[in-house]
Every structure is written in C-alpha cells, then in structure tokens.
Amino acid sequence: SLHLLGLEDYSIGEIEMIFKRAEEYLPLCRTGGMKRDDLKGKMIANLFFESSTRTRMSFSLAARRLGADTMDFAPSGSSISKGETFIDTARNIEAMGVDIMVVRHASPGAPHLLSRHLNASIVNAGDGAHSHPTQGLLDIFTIRQHKGDLKNLTVALVGDILHSRVARSNINGLLKFGARVIVCGPPTLVPDELRQLGVQVAHNLDAILPECDVVNMLRIQFERQRSGMFPSIHEYALLFGMNSERLARAKKDLLLLAPGPINRGVEITPEVADGSNSVILEQVTNGLAIRMAVLSLIADERTKRANQKKVGHS
Ligand code: CP
C-alpha cells in the first residue's frame, strides 16, 4: 500500500510481507552501526504532535539505517503558535521534497486527513484513541517469535482499553490471524460495545488469567481520563496489576507484553516488568525492524507506481 493508516486496510498477505522484511532487517537492529541504502535519496519526515519516545526514535533510526534523509517536526517552537493549520504545516513540510510522512496526533483521523491532502505517503504513528498500526504489528511479530501460529492462542489485552489505540490495532491484527482475544479491565475502562468487534469482554483478571497464553498490559492513560480515575490507582493495581503472585497463577510460559511507557507499580510491578516472562524490550527492538520494513515497502510501492505512470505516458 501507499500509506499505513490502520491495520484494517491491510490483508494478511501484506502483513506477512512486512514481517518477512522485518526478519531480514532484525540482525541490523540488534548490532547497530551497519547501514543499508534501501531508502537512499528518500526523505522521511516525522511529524509528532503528541509526545513519544519509542515510536519517534525508532522511525527516525529506521529511516537513517536504510539511508534516507530525515526531518523531525515538533509543534513547540513551530509556526503552529502563529496560527498555521495542521494541513498547511504538513503541506509546507511536504514541499521540501518529502516522500513519506510519519504522523502522530491527538485527534483520531488526523493521518487519514493528510493522506487526502498530500502526495506523500502517510504512516500513522498513533492517532488519539483510534489506531497505532506499527505497534499492533510489532506486538504480533513478537508474539509469533515466541508462540508461533496465532491460531488457538488466547491473548488478553488488560487495562485502559477505552483510551487505547494500541488495543484497537492489536484487536484488529490478532483477530485477522485467528487468535482468541479477551479485553479485560474495570467496566469504566472496558466498554461492553467492544464485543461487537468479536472479542470477549472480562472484568475479572484472576478469572481469565489461567487461560491466557499472552497478556498485553496496557498503560493507564492518566492524560486522557476525563472524569478522574475510577477505580483509584491503588484499587486498579490490586485488581488488574500484574505482580509476582498473579504471575504464579498463570501458565508458566505466559508471554508478557507492554507497549510502553509503563507506570511501574500500577499496571505491572518492577520485578514482573523486568522478569523472565516479560518481552517489553524485545518489543522495542522488533519495533525498529517493523518500522524499517514498513518504510521500505511503502517506498517500493511508490517506485512501482511511478514506473507504471512512466510506462503509461510513453
Ligand atoms: N509504545 C509507544 O507508542 O511508545 P511512545 O509513545 O513512547 O512512542
């Protein structure tokens, strides 16, 4: 595809192509230093209107590892403060010769809007509570590394599902690959309507945990809680936090993911986050390979379409 806006637009075949290429790039991600020239002559712009550590840095490194030039935009210090609109900002940056724009924004649909106004390819790096497709991809890639085929696997997404773009992208991708998906958390953070997506809704972690092969611990998004936190942080940690006692009641080979950032002691205790079931840092390394794959496949598609156009005109 020309863009990556959400996993709903991608077939299993397209996702497998991303995984295959990510496998090729993975040794490069583990060693550091080595470079390729797959994206030589390309310009990748990162437009992050919301905070990020992992996504922004890994997209930036992914582009450089593949030989692209990069530009980083942050709203603070930009002409947004003078009233320049989102679309004008992006179009002016595009005019500097951008091929692919990586966009994170607090408003759901912001990357989709740009894809209708720009010629550059748009990669969604997280839009509000809507979608975070590269996180969904890297989570599924990590699960497959450890568990193989996703069919017959039970994967629980635990926590603040209501505000989680990561949950939506996980649900979309995991269901595509045939996993059984349970969303679990307090009723205030896990709306019942999610059942319509084809997932199981649960409010008691201890009841579902023994069935789980994989648990993805989602962050409580304090910055998006509109009417205060209910239950309280302390109650949440008691009922839904992953700790050593809970882990002892789970399958021995339970795979524990968290997209990061984590609130240590809230969703997950430090000993579990840093323990042997946790693959939190592997997810980050895999994220670099996935983002390299996404950028290079989109660049290939742009080259293919440009060549088709040339042939059409000759
Ligand atoms: N997981 C994730 O998207 O992290 P950042 O917000 O730090 O990019």
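Helices (H or I, at least four residues) and strands (E, at least two) are taken here as DSSP runs and numbered from the N terminus. The structure is a predicted model, in which local features need pLDDT of at least 70, side-chain atom pairs count only at pLDDT 80 or more, and totals for chains, interfaces and linings use all residues. Residue numbers start from 1 along each chain as its sequence is written.

A residue is called buried if 20 or more other C-beta atoms lie within 10 Å of its own, exposed if 12 or fewer, and partly exposed in between, with C-beta atoms placed from the backbone. Lys176 counts as partly exposed because 17 C-beta neighbours are found inside 10 Å. Although Lys176 and Leu7 are 169 residues apart along the chain, their C-alpha atoms are separated by 9.4 Å.

Turning to the overall fold, the chain has 11 helices and 9 strands. Its radius of gyration (over C-alpha atoms) is 20 Å, close to the 20 Å that the globule rule gives for 314 residues, so the chain is as compact as a globular protein of that length; the rule itself is 2.2 Å times the number of residues to the power 0.38. Along the principal axes, the C-alpha atoms fill a box of roughly 65 × 45 × 40 Å. Buried residues make up 43% of the 314 residues. Two residues are in contact if their C-beta atoms, placed from the backbone, lie within 7 Å. Of the contacts with a separation of 6 or more, 74% are accounted for by residues 24 or more positions apart.

An automatic or database domain assignment supplies the domain bounds, dividing the chain into domain 1 (7–131 + 287–305) and domain 2 (133–283). The C-alpha centres of the two domains lie 26 Å apart. Between them, 21 residues of domain 1 are in contact with 19 residues of domain 2. On the domain 1 side, the elements giving two or more residues are α1 (12–31), β4 (121–127) and α11 (280–313), and α1 provides the largest share, 5 residues. This side has 10 nonpolar, 7 polar and 4 charged residues, where Ala, Val, Leu, Ile, Met, Phe, Trp, Tyr, Cys and Pro count as nonpolar, Asp, Glu, Lys and Arg as charged, and the others, Gly among them, as polar.

Both domains also give residues to the shell around the ligand, so the ligand lies between them. The shell (C-beta atom, placed from the backbone, within 6 Å of the molecule) consists of Ser52, Thr53, Arg54, Thr55, Arg56, Gly126, Gln135, Pro259, Gly260 and Pro261. Helix α2 (residues 54–65) gives the most, with 3 residues. By class, the shell has 2 nonpolar, 6 polar and 2 charged residues.

An unreviewed UniProt entry carries the annotation "binding site" for Lys82, Arg165 and Arg219. UniProt positions follow the numbering used here, feature names are shortened, and annotations may be inferred rather than shown by experiment. The three annotated residues span 138 residues of sequence and are spread in space too, up to 33.9 Å between C-alpha atoms. Arg165 lies in helix α6 (residues 165–176) and is buried because 23 other C-beta atoms lie within 10 Å. Beyond four places in sequence, Arg165 touches Gly126, Asp127, Gly128, Ala129, His130, Ser131 and His132. Arg219, by contrast, sits in the loop between β8 (214–217) and α8 (233–240) and is partly exposed, with 19 other C-beta atoms within 10 Å. With neighbours within four places in sequence left aside, the contacts of Arg219 are Gly159, Asp160, Pro261, Ile262, Asn263 and Glu267.
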